[in-house]
Amino acid sequence: MSDIQKLADTLASKGPFKVEDSPKRVRILQDGKYIVDTTHAKYVWEHPYYPQYYVPRSEVTADFVQAHDHSKGIMMCTFRTDAQEVPNVLVFTEDPLAGLVRFDFKAMDAWFEEDQRIYVHPTDPYKRVDIRPSSRHVKVVVDGVTVAETSNATFLFETMLRTRYYLPATCIDPKLLSESVTVTSCPYKGDASYYNLTVNGKEHKDVIWYYKFPIPESAAIAGKVCFYNEKVDVWIDGLKESG
């Protein structure tokens, strides 16, 4: 059974974790056209961690080409634009999601909130990312070797996650670094690139990340480097970070 089929079964049997109105204009771009343009999208938490957008069926301009009942009150559908078919679309016919459509976020060409493109998934309206410059002394130690040290860090505080410390790139000896091919995406920050770090002849893969072009809300971390706290020892004002 595919992930989308499992999701449909879970929503049919247990319902969503939470549903709320979104005040934002939401648009979905596919095949060069906006197939959804609505101010009536819903935040739907399929699990406790973050929401997805579900949109009114009445405001979807693409056409059904296939539809079959999958679970009680849920149809599994394929939509068609001029040149593409979009499979694995869920259409809901019973409360609490009656009249709504779920498109796979990653399968669509682009999503917009108002006039700004969003990535990965919608941000959680109950989650904050606060970025603050700090003069607290930060030291990073790997295998007993101090690899970075600064009193000019930027602290990033994200709801329910541990604090991350973004450091000037110049506080690390570039001879210790090698570029990684790894790239990850975050809806709150953008696309992250990675470095491997070699200390005492041992390579620590993807232990450092950085954002070349973060989204505007996280612009303060652009070009700064962040160590994966869980894989190194971090000292703040002489005190070793726990965990």
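Strands here are DSSP runs of E at least two residues long, just as helices are H or I runs of at least four, and both are numbered from the N terminus. Two strands count as paired if DSSP finds at least two bridges between them. The model is a predicted one, so to speak of local features takes a pLDDT of at least 70 and to count side-chain atom pairs takes 80 or more, while totals for chains, interfaces and linings use all residues. Residues are numbered from 1 along each chain as its sequence is written, and side-chain values use heavy atoms, with hydrogens and water left out.

Let's start with an open sheet. Four strands make it up, in the order β14-β13-β21-β22, with antiparallel pairing. β14 (145-150) and β22 (239-240) sit at the edges with a single partner strand each, so one side of each has no neighbour in the sheet. Strand β21 (residues 233-236) runs antiparallel to β22, and two bridges join them. Here, Ile236 stands opposite Leu239 in β22.

Next comes a hairpin, which links β17 to β18 through three residues. β17 covers residues 177-186 and β18 covers residues 190-199, and the two pair in the antiparallel sense over seven bridges. Ser185 faces Asp191 of β18.

Strand β18 also holds Val199. Val199 counts as buried because its relative accessibility is 3% (buried means under 20% relative accessible area, exposed over 50%, partly exposed in between, with a 1.4 Å probe and protein chains only). Setting aside neighbours within four places in sequence, Val199 is in contact (heavy atoms within 4.5 Å) with Val142, Asp143, Val145, Val147 and His204.
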